[in-house]
Amino acid sequence: MKCVNPLLLAGLLATASSVQANDLNQVVEKSSAINESAQKTQTKIDSIADSMQSRLQKFKTLNKEIDGLTVYNAQLDKQIKNQLDEMSAINASMDQVSVIERQITPLMLRMITGLEQFVQLDVPFLPKERAERLAKLRAMMDRADVTSSEKFRRVLEAYQVEVDYGRTIEAYTALLTVDGQEREVDFLRIGRMELLYVTKDGALAGSWNQSAKKFVELEDTSISQIKKGIRIARKQLAPDMLSLPVHASE
């Protein structure tokens, strides 16, 4: 049996230990490098994951906005369609208004002419007031700053005034030629049935005769009744029965 040199054995052991130490260091270094690389990779993965999550959230938000815009656009489409329909209806109405306006102007002129003829043939009460009303209607028809609707309203208003004369009683003072002399008299109008007058001194009275188209003198017995009717018309007496001659309806 051979004996091993202790020095040689110690050297071998030292060499082996050195080799193992170097290998271990390399392993540790490589492990550290791998860990560092893995950490960097994980950081990148985390960053990518965060980025994807953020983009996913933005995508969901955009989808919601798109859904909302789709509903909003659909509603706008309906509103636009309704507005277009209204515009078409308005255009059609405007065309009809133009036609009606062209037709209504001649109608109003005929109505005014008819009213003038009626006043001329009617009992001659309030001649100045009624003539001025008709003259204003004629002047109004030539004005461009008055709408057709306003013109028509005023023409109808004039007709309504004339209609009201037929169912009211009225007393007023005016000048009248009596026995060839212009005198101030009190008139009493009872609808369109009768137009009477009495002089201020109460000496003379008369009634309009529609058939003769003139005033005829009345007997003195009628004067008190005419005065009573004037006071009733002026609300100075309560309504009461009157005994008066009737000529206007003949």
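**Reading cavities, pockets and helix packing**

Mentor: Start with the largest cavity, whose volume is about 30 Å³. Keep in mind that this model is predicted.

Trainee: How do I read empty space in a structure?

Mentor: Rolling a probe the size of a water molecule over the atoms shows where space is left empty. Here, the count comes to one cavity of 30 Å³ or more.

Trainee: Which residues line the largest cavity?

Mentor: Look for Leu115, Val119, Arg130, Arg133, Leu134, Ala158 and Glu162. At least two lining residues come from each of α1 (6–121), α2 and α3. Helix α2 supplies the largest share, three residues.

Trainee: How does the lining of the largest cavity divide by class?

Mentor: Four residues are nonpolar and three are charged, with no polar ones.

Trainee: Now the largest pocket. How much space lies in it?

Mentor: About 180 Å³. Two elements each give two or more residues to its lining: α2 (127–141) and β1 (169–178).

Trainee: Which element gives the most to the lining of the largest pocket?

Mentor: Strand β1 does, with four residues.

Trainee: α2 keeps turning up. How do I read the way two helices pack?

Mentor: Two packed helices are described by the angle between their axes and by the distance between the axes. Take α2 and α3 (residues 148–165): their axes come within 10 Å and cross at roughly 165 degrees.

Trainee: Why is α2 called roughly antiparallel to α3?

Mentor: The crossing angle is roughly 165 degrees. Angles over 145 degrees count as roughly antiparallel, so α2 is roughly antiparallel to α3.

Trainee: Is the crossing of α2 and α3 left-handed or right-handed?

Mentor: Left-handed. On the α2 side, the contact is made by Glu129, Arg130, Arg133, Leu137, Met140 and Met141. Helix α3 brings Lys151, Arg154, Val155, Ala158, Val161, Glu162 and Tyr165. Seven residues of this contact are nonpolar and six are charged; no polar residue takes part.

Trainee: One last feature. How do I spot chain segments that meet although they are apart in sequence?

Mentor: Pick one residue and list its partners from further along the chain. Leu242 is 17 residues away from Gln225 along the chain, yet their C-alpha atoms are separated by 6.2 Å.

Trainee: Which residues does Gln225 touch, not counting those up to four places away in sequence?

Mentor: Gln225 touches Met241, Leu242, Ser243 and Leu244. Find them in the structure above.

Notes
Residues are numbered from 1 along each chain as its sequence is written. This is a predicted model: local features need pLDDT of at least 70, side-chain atom pairs count only at pLDDT 80 or more; totals for chains, interfaces and linings use all residues. Side-chain values use heavy atoms; hydrogens and water are left out. On a 1 Å grid over the protein atoms alone, a cavity is a set of points where a 1.4 Å probe fits but cannot get out, and a pocket is an open set with protein on both sides within 12 Å along at least five of seven lines; lining residues have an atom within 4 Å of a point. Grid points are joined across faces, edges and corners, and a volume is the space filled by probe spheres set on the points. Axes are lines fitted to C-alpha atoms, for helices over the stretch in contact, and angles run from 0 to 180 degrees between N-to-C directions. Angles under 35 degrees count as roughly parallel, over 145 as roughly antiparallel, 65 to 115 as roughly perpendicular and the rest as oblique. A crossing is left-handed if the near helix is turned anticlockwise from the far one by less than a right angle, and right-handed if clockwise. Contact means heavy atoms within 4.5 Å. Ala, Val, Leu, Ile, Met, Phe, Trp, Tyr, Cys and Pro count as nonpolar, Asp, Glu, Lys and Arg as charged, and the others, Gly among them, as polar.
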